[in-house]
Amino acid sequence: MAAAAGPPRPYKLPESVLVVIHTPALEVLLIRRTGGEGHWQSVTGSKDALDEPFAETARREVAEETSMDTQAPGCLLTDWALENVYDIWPQWLHRYAPGVVRNRERVFGLRVPAGTPVVLSPREHDAYEWLPWQQAADRCFSASNAEACLLLPRFLHLG
């Protein structure tokens, strides 16, 4: 007999965060997605509920993907008050409810002390690298992520 399948996974919500994690010297943390594509990116993730504040989504996703505590000493999470709206890639549409084709992404920055340890979630990411902000932008597979890295110097005044 085949094992019974678990309950169906709920659809992802088309509202997410992008968190550019950086040091005071503007070194940006990039993490590589598992799955063979070699996509380098900042921390990203969807809301768990429509009423979940974006800042809470950012805190949760940072913890899940890097094991960092956004409220640890020397850390500062800032909402850049920027949003990207983009088409969901066709290969990922099955994760969303039928008819959902666009995602709204809120951008945050997270300043962390140099040397902050990174512990990746192995089911999502298999490598990480700290790069100067311009090099990080060049490495990102997503145009909106690259743009966020390039905007980093403009948002330092928020800290």
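**Ground rules**

I number residues from 1 along each chain as its sequence is written, and side-chain values use heavy atoms, with hydrogens and water left out. Because the model is predicted, local features need pLDDT of at least 70 and side-chain atom pairs count only at pLDDT 80 or more, while totals for chains, interfaces and linings use all residues.

**Entry 1: helix 1**

I started with helix 1, residues 54-66. Helices (H or I, at least four residues) and strands (E, at least two) are DSSP runs, numbered from the N terminus. Helix 1 has 13 residues and spans 18 Å from its first C-alpha to its last. That is close to the 18 Å expected at 1.5 Å a residue. The expected span is 1.5 Å times one less than the number of residues.

Which residues of helix 1 are buried? I found Phe-54, Thr-57, Ala-58, Arg-60, Glu-61, Val-62, Glu-65 and Thr-66. Buried means under 20% relative accessible area, exposed over 50%, and partly exposed in between (1.4 Å probe, protein chains only). An α-helix has 3.6 residues a turn, so residues three or four places apart point the same way.

Next I looked at what covers those buried residues of helix 1. The cover includes strand 1, strand 2, strand 4, strand 5, strand 6 and strand 7. It is judged by contact, meaning heavy atoms within 4.5 Å. Just after helix 1, Ser-67 takes a positive phi of about 65°.

**Entry 2: helix 3**

Helix 3 runs over residues 143-151. Its buried residues are Ser-144, Asn-145, Ala-146, Ala-148, Cys-149 and Leu-151. Helix 2 (133-139) is part of their cover. So are several strands, among them strand 1 (15-22), strand 2 (27-33) and strand 6 (102-111).

**Entry 3: the largest pocket**

I then turned to empty space. Rolling a probe the size of a water molecule over the atoms shows where empty space is left. The search uses a 1 Å grid over the protein atoms alone. A pocket is an open set of points where a 1.4 Å probe fits, with protein on both sides within 12 Å along at least five of seven lines. Lining residues have an atom within 4 Å of a point.

The largest pocket holds about 1,200 Å³ of space. That volume is the space filled by probe spheres set on the points, which are joined across faces, edges and corners.

How many residues line the largest pocket? I noted 37, with Lys-12, Arg-33, Ser-46, Arg-95 and Tyr-96 nearest its centre. Helix 1 gives the most to the lining, with 4 residues. Strand 4 (43-46) and helix 3 are among the elements that each supply at least two.

By class, the lining has 11 nonpolar, 11 polar and 15 charged residues. Ala, Val, Leu, Ile, Met, Phe, Trp, Tyr, Cys and Pro count as nonpolar, Asp, Glu, Lys and Arg as charged, and the others, Gly among them, as polar.

**Entry 4: between strand 6 and strand 7**

Thr-116 sits in the loop between strand 6 and strand 7 (125-132). Thr-116 is buried, because its relative accessible area is 16%. Its side chain reaches the backbone oxygen of Pro-113 at 2.5 Å. This is a polar contact (a pair of N or O atoms within 3.5 Å; within protein, one must be able to donate a hydrogen and the other to accept it, and residues adjacent in sequence count only if both atoms are side-chain atoms). Beyond four places in sequence, Thr-116 is in contact with Met-68 and Trp-130.

Glu-124 is in the loop between strand 6 and strand 7. Glu-124 is buried at 12%. Leaving out residues up to four places away, Glu-124 touches Arg-32, Arg-33, Thr-34 and Glu-65.

**Entry 5: Glu-129**

Glu-129 and Arg-32 are 97 residues apart in sequence, yet 8.6 Å apart in space, C-alpha to C-alpha.

**Entry 6: two positive phi values**

Leu-26 has a phi near 65°. Leu-26 lies in the loop between strand 1 and strand 2 and is buried at 12%. Ala-81, in strand 5, has a positive phi of about 55° although it is not a glycine. Ala-81 is exposed, with a relative accessible area of 55%.
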